[in-house]
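Dear colleague,

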Amino acid sequence: MSAQCEVTAKRAAGSSMSLFERYLTVWVGLCIIVGIALGHWFPVPFQAIGQMEVAQVNLPVAVLIWLMIIPMLLKVDFGALHQVKEHWRGIGVTLFINWAVKPFSMALLGWLFIRGIFAPYLPADQLDAYIAGLILLAAAPCTAMVFVWSRLSDGDANFTLTQVALNDTIMVFAFAPIVGLLLGLSAITVPWDTLFLSVVLYIVLPVVFAQWWRRHLLQSGGEAALQVRLDQLHPVSLVALLATLVLLFGFQGEQILSQPLVIVMLAVPILIQVYFNSGLAYLLNRHFGVAHCVAAPSALIGASNFFELAVAAAIVLFGFDSGAALATVVGVLVEVPVMLSVVKIVNKTKGWYEAGTSN
């Protein structure tokens, strides 16, 4: 083990997931049940919520998305960007996976499974929307949960922070063009004005606001004040996520009840792309001799998704009751169990990995 990884392992000792994070799939499952039931029994209130729009932006959802995203972005220190040189190989691999492989591999898997293998079993009028949702899910790297995955794999905290800050910076400029390109290649109409509006609403403005707030907290009370505020906001962020999911499934309920296997079919390309991208990142890092405490979070960042942004963009672009929104929510459903399995894989193969980098 390298000296860098020994220090990292000591810092990570005792780190664990919160109860909510560990059982996110359970909470999402409960939201599916509650949302479908409420949407079936009380359709009028859900329709009223769906009509609360200004310039194609649903106001209740916009508030909920901000409550989800702001606490996550508050953790990001863009000052960490100066450390890029220290981890340039691991960062180079992750950037390649996040921006040159993952969105395109997801589009290919969507075409293969949604328009090909599963097409006879899915609603014909929703095929394009399902593919659009998968593309939105893969086009934005994860911002918050990767800190958890990094801790669980004894990842280098400085590398993880630097990589997240760099990905968030790139996302401001690259999310809309990549989504627009892949939707165009998929023969899906690209509403460019709405797409750019979603970028401004759910990336640019939250990043600017979160960084202003972070700087204010650090100047007034230091790291302690920032941590206190993060602890206060954590339950707010979780409640906002659950409320958004209940709303989504309230609108999606009838479609799911009529064809319950749609969630399983949408999960297949998501699962394949997670294991493919994490495995490719892990192998590339090993090839380039990157320390395991950098390679592990690199593989995890390369595979996970910023599902909050994907959900928000899908709602803005295609609506609450669209196949795109449903596809992004399936990403939330499978996120924790599949990423925990990747954490287990990189931890169990640490000896094999380090034997290869020491040669």
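In which helix is valine 26 found? Valine 26 belongs to helix H3, which covers residues 24-41. Please note that the model is a predicted one.

Helix H3 and the surface

With a relative accessible area of 43%, valine 26 is partly exposed, because that value lies between the limits of 20% for buried and 50% for exposed. Valine 26 also contributes to a nonpolar surface patch of about 380 Å², together with Tyr23, Leu30 and Ile33.

Threonine 25 lies in helix H3 as well. Threonine 25 is partly exposed, at 27% relative accessibility. Once residues up to four places away in sequence are set aside, threonine 25 touches Leu333, Val336 and Pro337.

Asparagine 305

Asparagine 305 is placed in the loop that runs between helix H12 (292-303) and helix H13 (307-318). Is asparagine 305 buried or exposed? Its relative accessibility is 2%, so asparagine 305 counts as buried. The side chain of asparagine 305 makes a polar contact of 3.2 Å with the side chain of lysine 102. Apart from neighbours within four places in sequence, the residues in contact with asparagine 305 are Lys102, Leu137, Ala138, Ala140, Pro141, Cys142, Gln273 and Glu335.

Aromatic pairs

The structure contains 6 aromatic pairs. One of them is formed by phenylalanine 113 and phenylalanine 118, a tilted pair with 5.5 Å from centre to centre and 35° between the planes. Both partners are buried: phenylalanine 113 has a relative accessible area of 11%, and phenylalanine 118 has one of 15%.

For phenylalanine 209 and tryptophan 212, the ring centres are 5.9 Å apart and the planes stand at 35°, so this pair is tilted too. Phenylalanine 209 and tryptophan 212 are 3 residues apart in helix H10 (residues 192-258) and are therefore separated by about one helical turn. Phenylalanine 209 counts as partly exposed, at 33% relative accessibility, whereas tryptophan 212 counts as exposed, at 53%.

Serine 198 is another residue of helix H10. At 1% relative accessibility, serine 198 is counted as buried. Leaving out neighbours within four places in sequence, serine 198 is in contact with Ile203, Ala313 and Val316.

The salt bridge

How many salt bridges does the structure hold? There is 1 salt bridge. In this bridge the side chains of aspartate 128 and arginine 115 meet at 2.7 Å, N to O. The pair links distant parts of the chain, 13 residues apart, with aspartate 128 in helix H7 (residues 127-138) and arginine 115 in helix H6 (residues 88-117). Aspartate 128 is partly exposed, at 34% relative accessibility, and arginine 115 is partly exposed with a relative accessible area of 34%.

The loops on either side of helix H9

Aspartate 154 is located in the loop between helix H8 (145-152) and helix H9 (157-185). Aspartate 154 is not a glycine, yet its phi is positive, at about 55°. Its relative accessible area of 27% makes aspartate 154 partly exposed.

Valine 190 is situated in the loop between H9 and H10. Is valine 190 buried or exposed? Valine 190 is buried, with a relative accessible area of 18%, because a residue counts as buried under 20%. Beyond its neighbours within four places in sequence, valine 190 is in contact with Gly180, Leu183, Gly184 and Leu195. The C-alpha atom of valine 190 is separated by 10.0 Å from that of alanine 132, and the two residues are 58 residues apart along the chain.

Yours sincerely

Key: Residues numbered from 1 in each chain as written. Predicted model: local features only at pLDDT ≥ 70, side-chain atom pairs only at ≥ 80, totals over all residues. Heavy atoms only, no water. Patch = residues over 30% accessible without salt bridge, like charges linked within 9 Å, V, L, I, M, F, W, Y side chains within 5 Å. Areas by Shrake-Rupley, 256 points an atom, 1.4 Å probe, with all protein chains shown as cover. Salt bridge = Lys/Arg side-chain N within 4 Å of Asp/Glu carboxyl O. Helix = DSSP H or I, 4+ residues; strand = E, 2+ residues; numbered from the N terminus. Buried < 20%, exposed > 50% of the residue type's maximum accessible area, 1.4 Å probe, protein only. Polar contact = N/O pair within 3.5 Å; in protein donor to acceptor, adjacent residues only side chain to side chain. Contact = heavy atoms within 4.5 Å. Phe/Tyr/Trp six-rings, centres within 6.5 Å; stacked < 30°, edge-to-face > 60°.
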